[in-house]
Structures are given as C-alpha cells and as structure tokens.
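Please view the sequence and structure below before reading on.

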Amino acid sequence: MITSISRKLSLLAASSLIAFTSFSQLASAAELLNVSYDPTRELYKEYNEEFSDYWKFKTGKDISIKQSHGGAGKQARAVIDGLGADVVTLALAYDIDAIGEKTGKIPKDWQSRLPNNSAPYTSTIVLLVRKGNPKNIRNWDDLVRDGVQVITPNPKTSGGARWNYLAAYTFAKNKYGSDKAAQDFVGKIYRNVPVLDTGARGSTNTFVQRGIGDVLLAWENEAFLAVNELGPDKFEIVVPSVSIKAEPPVTVVDGNAKKHGNEAVAKAYLEFLYTPYAQKLVAKHYYRPFLAEFADAKDLARFPKLKLITVDEQFGGWQKAQKTHFLDGGVFDQIYTPR
Amino acid sequence: MTFTSRSALPGFHLALGYTLVYLSLIVLIPLAGVFFKATELGLAEIWAILRSERVLSALTLSFGTALIAAALNAVFGTLVAWVFVRYDFPGKRLFDAMIDLPFALPTAVAGIALTALYAGNGWVGQWLEPLGIKIAFTQVGIIIALLFIGLPFVVRTVEPVLRDMEKELEEAAALLGASRWQTIRLVLLPSLLPSLLTGFALAFARGVGEYGSVIFIAGNLPYVSEIAPLLIVIRLEEFDYTGATVVAAAMLVIAFVMLFVINGLQAWSNRHKVRNQSLALPVQGAKQ
C-alpha cells in the first residue's frame with residue numbers, strides 16, 4: 001500500500017517535472033543573442049528590457065535577449081569561430097565585413113540594409129584630461145609635445161583605438177596636408193604612449209586608477225561616463241577642433257538568425273533602434289542619435305559642437321583604412337621601429 | 001617490454017589504450033593542429049615571419065623573462081621550502097597555505113593586484129618611483145608577475161624531497177667540520193638538484209605561456225614589453241590565423257627544446273646523485 005502510494009507520488013512528481021520543464025522551454029522558446037563591444041553595456045541593458053516589452057506587446061511572444069560584451073575584434077572573432085550571434089552591434093564596419101567574409105553568414109551589402117550606413121547612433125573621439133588641465137592640452141597637436149603622456153589602447157586589439165588613431169590622423173591630414181606629415185604626426189603621438197593596453201576599458205583603468213598619463217583618448221560616451229561616475233572634480237573633457245565621426249554599425253547575422261528561427265525578431269530588434277523611443281535612450285547614454293529630433297534637448301545639449309569627418313570621406317571606407325593602417329606591416333606597424 | 005608479453009599487473013591493454021586516447025585528445029591533436037595550420041604557409045614565408053624584428057623581440061622577451069623568473073624562483077623558492085621544512089614558527093601553516101594561492105588565483109586578478117601595487121601611485125611603487133625605479137609597465141614588471149605565478153611550482157616540488165632528507169645529514173656534515181657553504185653545496189644541493197630542476201622547468205614553462213597577469217603589468221609596447229602570447233593575440237585580432245599559429249609553433253618548438261635540455265640535465269644529476277650517495281653511505285653507517 002505504502003509503496004504504491006509512494007510510487008504514485010513519484011509519478012506525479014515526475015509528470016509535474018516534465019510539465020514544468022516543457023512549460024519553461026515554451027517560455028524561453030525565443031532567445032536572441034546580441035554580440036556587442038565594450039562600452040555599450042549600459043545602453044543595451046536598458047534597451048533590451050524596452051524591446052522585449054515592445055515585442056511582447058506587438059506579437060504576444062516572449063523574447064529573452066542575451067548580451068555579450070568585449071573588445072570589438074575579439075567579439076567578431078568569436079562570431080567567426082562559431083558563437084551563435086543573431087545580431088552584432090560592433091564598434092566598426094570592418095569587423096562585420098570580416099564576419100561576412102569568413103563565414104558567409106552576412107551578405108556583402110549589409111551596410112545598406114538599415115539607414116545611416118546601419119549606424120543608429122554615432123560617437124566621436126575626445127580628449128580626457130586631469131582636472132584643471134595641468135598640461136594645458138587644447139587640441140590634437142598638444143599631444144605630440146615633449147613630456148605629454150598619452151594613454152590609448154593598441155589599435156591592433158581594440159576597435160576604439162582604431163577610431164582614436166584615425167581621429168588623430170584626420171586632424172593632421174587636414175592641418176598639414178600630406179599623408180607623410182600625418183603619419184609623422186601620429187607616430188609622434190604613439191611615441192608619447194607609455195602603456196599600450198589591449199582594450200578601451202583597460203586604458204581607462206590605466207589613466208583613472210593607476211594615475212598614468214596626462215591625456216586619455218576616449219570614446220565620447222566613455223569620457224562622459226568617466227567624468228560623471230568618477231567625479232567631475234577629477235577629470236575634464238577637452239573637445240578637439242576636429243575629430244572622426246565614429247559609426248558603430250549593427251546588423252543581423254542572417255546565417256545564425258535563420259538557423260535559430262529568429263529572422264523576424266532580429267530584424268525588428270535592430271529596426272527598433274531607429275524608433276523615437278530608442279533614439280532618446282541612445283542620447284541618454286551619451287551616444288549621438290541619428291535622429292536627433294527625438295532626443296531630449298538637455299541630452300543633446302551635452303554634445304559639444306565640433307567638426308566631424310567620416311571614415312568614408314577621409315579614408316575611402318573601412319576596408320581601405322584597415323588595409324593601409326592596421327594590417328601587418330601597415331602604417332601603424334611602421335610607427336614602431338626597433339629600439 | 002613488448003605489447004604481447006603478459007604482465008603481472010592487470011588491465012595493461014585497457015590502460016594503455018585509454019592513455020593513448022586521452023593524450024591524443026587533450027594534448028597531441030591540438031598541438032598537431034598548430035603545426036598543421038602553420039604549414040599552410042611555405043617555408044620561406046614562415047621564415048620571414050619568424051625573422052621579423054617584432055617576433056624575435058617578443059620571443060626573446062617571453063623566454064628571457066621566464067628564464068630569469070624561474071631562476072630567481074629556483075633560488076628563493078628553495079629557501080622558502082627549506083625554512084618551511086626545517087623550522088617551526090608561528091603562522092607557518094597559514095604561510096604554507098598561501099604558497100598555493102598563485103595556483104588557484106585567476107592570473108588576471110594577480111596581474112591587476114600587482115599593477116596596482118607597483119604602479120607609480122601604488123603602495124610600493126610610490127616609494128620606488130622617486131628613486132628612479134620603475135616596475136609596472138616595464139620588463140621588470142613582467143618578471144615580478146612571473147615570479148608570483150611560478151613560486152609554488154618550485155616550493156611544492158622541492159619541499160617533499162627536503163622533508164625526506166634527514167636533518168641529521170646536515171648536522172652530521174657540520175659535526176664533521178663542513179662549513180655552512182660546503183654543507184649546502186656538497187650535502188643539500190646534490191640530492192635536491194633533480195627536484196629543483198623539475199620545479200625550475202615547471203615555473204619556466206608556466207612563465208613562457210603566461211598571458212593573463214603579464215598584459216596588465218607589462219605596458220605592451222612593441223619591441224619593448226610585448227610578450228609573444230600577446231603578439232599571437234594581436235595576429236588573431238587581425239584575423240591572421242596562420243601568422244598567429246606560426247608564432248605559436250615557434251614557441252612550442254623552443255619550449256620543447258629547452259624542456260628537453262632541462263630533462264637531460266635532470267637525468268644527469270640523478271646519476272650524479274646516485275654516485276654521491278654511494279660515497280656518502282659510510283658516513284651514514286658510522287652514525288648508526
């Protein structure tokens with residue numbers, strides 16, 4: 001008798017367990033993986049919550065969005081090596097090109113699938129200095145002075161660092177005219193770099209925590225974060241006369257999304273970035289919105305006005321910029337000569 | 001022994017099969033993959049990559065700092081082990097447990113902690129900087145990081161051997177009129193040498209491949225403080241998989257040759273030790 005009761009009980013337990021697991025499988029049926037770069041953590045955390053609410057409202061389906069963050073190059077390589085990203089939101093177009101080229105999971109014309117070269121938000125590179133600006137750094141050409149220490153990561157390993165490099169190059173090219181002069185100029189900057197970290201967050205740490213260097217080349221959004229979170233009494237932002245227009249692009253990794261049955265939601269996830277709501281959110285997190293009319297005026301007022309030049313205008317696209325400057329034996333490698 | 005001969009021990013074939021599969025899956029196939037990938041390039045191209053100044057200086061730095069750190073650890077690690085075995089002092093068990101921490105700690109944590117300590121504004125660094133001594137973001141910093149992660153390898157290999165050696169041996173040497181230096185050189189070192197070399201080899205091998213802690217403290221400047229594992233990562237970030245594996249394969253070959261030499265030294269010192277012990281036997285007999 002007792003055994004039969006206990007058997008029934010265990011049967012009940014087992015069936016409820018099965019019911020529960022199938023239920024939870026149902027609930028977590030749709031899962032979307034967004035592989036992104038380092039400084040977008042805070043932005044996508046908030047955006048994902050909003051989007052899943054929107055998706056639930058629109059389709060009645062639950063969607064759980066997983067995030068992966070890291071240096072842009074490393075993230076791209078993870079997707080190439082098989083990480084099942086449904087969408088990628090990376091620091092620069094070259095890394096997405098590389099994914100498409102190596103895996104065939106992204107079509108060649110990906111950048112024309114969404115407005116503004118698939119960049120729903122842009123940013124730029126600014127100079128972060130210590131409070132009171134003791135070395136009196138006003139513009140890019142102050143970085144080549146003797147005795148000024150510049151902190152920037154390695155462009156080989158960090159997407160942000162590539163934007164830093166291109167921003168400095170753009171300034172020099174426009175000021176001095178020739179490529180030779182621009183190369184000499186960035187070479188002088190890098191000779192003032194005492195520590196070459198592998199990622200943007202690493203450089204921020206070196207500058208902020210270790211107290212090394214006089215100026216940090218940083219994403220505008222990272223610079224705002226550093227000033228606001230670590231104290232306006234410690235750092236200030238110096239806006240150079242000209243800088244690069246950094247366009248961190250987004251795209252669906254078609255091959256993966258198709259495999260996961262996520263094509264519709266992945267597409268909607270990225271299109272939602274261009275809605276008034278998302279554009280407002282983007283500005284709140286210190287990214288420059290593509291559709292500025294939807295952002296809060298007070299958020300927009302924080303962005304300083306400066307001349308911004310795109311990679312396409314200055315360098316003829318990312319493929320060309322990468323090839324000339326950052327590949328093995330490129331201009332960046334020539335800066336460093338054996339000592 | 002041939003494969004067909006029957007052993008008194010059971011399950012030899014099964015154990016051998018298991019060993020081969022296990023070693024292949026865990027060690028041989030991944031390593032063979034590295035060489036296979038590297039051979040996608042022709043010999044001339046491989047040679048060009050290896051001969052480039054950048055790769056050469058990275059390899060020199062990695063192997064050089066690992067050698068220096070392992071040598072320092074061999075000396076001071078042995079000293080630590082000797083103190084632990086021969087003396088009792090308050091808190092000894094605590095210190096003993098601490099030795100193993102570098103084994104367990106994620107190396108990135110070690111790197112960040114050491115950098116915070118030795119940077120110009122760190123606890124230690126702020127006293128050294130006025131003296132013109134820079135540790136963090138120099139090659140010295142790399143050696144410090146490798147000292148940290150290599151120490152337990154030497155201590156833990158030397159310690160059991162020292163414990164097995166009777167204290168009376170050292171005392172007898174003293175009684176027979178040996179100076180302290182002679183005791184160390186003629187009594188302690190010959191028996192310790194094989195385990196010391198093992199510890200040295202382990203610490204060295206660990207140091208060559210170390211990435212996590214070093215990138216935080218090194219400064220990572222090309223030609224100055226860029227270690228070979230970082231160069232491999234940089235090549236990977238350029239999506240230059242073959243270039244990365246060529247450097248990796250070079251590291252494997254160099255490490256293999258050096259470990260081979262160390263193993264040879266060890267075998268030699270083992271033979272040496274046996275001869276020495278047979279000489280030492282009458283002394284032990286006299287003591288009884």
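Are A:Y165 and A:F326 buried or exposed? In this predicted model, A:Y165 is buried, as is A:F326.

## Aromatic pairs overall

Over all chains, the count of aromatic pairs comes to 34. One of these is formed by A:Y165 and A:F326, with an edge-to-face arrangement, 4.9 Å centre to centre and 65 degrees between the planes. The pair ties together parts that are 161 residues apart in sequence, because A:Y165 lies in helix α6 (residues 159–176) of chain A and A:F326 in helix α15 (residues 318–326) of chain A.

## A tilted pair in chain B

B:F63 and B:F204 also form an aromatic pair, and this one is tilted: the rings are 6.2 Å apart centre to centre, with 50 degrees between the planes. Distant parts of the chain are linked by this pair, since B:F63 belongs to helix α3 (residues 53–86) of chain B and B:F204 to helix α10 (residues 180–209) of chain B, 141 residues apart.

Buried means under 20% relative accessible area. B:F63 therefore counts as buried, at 7% relative accessibility, and B:F204 likewise counts as buried, at 1% relative accessibility.

## A ring cluster in chain A

Ring pairs join A:Y44, A:Y47, A:F51, A:Y54, A:W55, A:Y269 and A:F272 into a cluster.

## A charge over a ring

Which ring does the charged end of A:R130 sit over? The charged end of A:R130 is placed over the ring of A:F207, 4.0 Å from the centre of that ring.

Notes
Residues numbered from 1 in each chain as written. Chains lettered and ligands numbered in written order. Predicted model: local features only at pLDDT ≥ 70, side-chain atom pairs only at ≥ 80, totals over all residues. Heavy atoms only, no water. Phe/Tyr/Trp six-rings, centres within 6.5 Å; stacked < 30°, edge-to-face > 60°. Helix = DSSP H or I, 4+ residues; strand = E, 2+ residues; numbered from the N terminus. Buried < 20%, exposed > 50% of the residue type's maximum accessible area, 1.4 Å probe, protein only. Lys NZ or Arg CZ within 6 Å of the ring centre and 35° of its normal.
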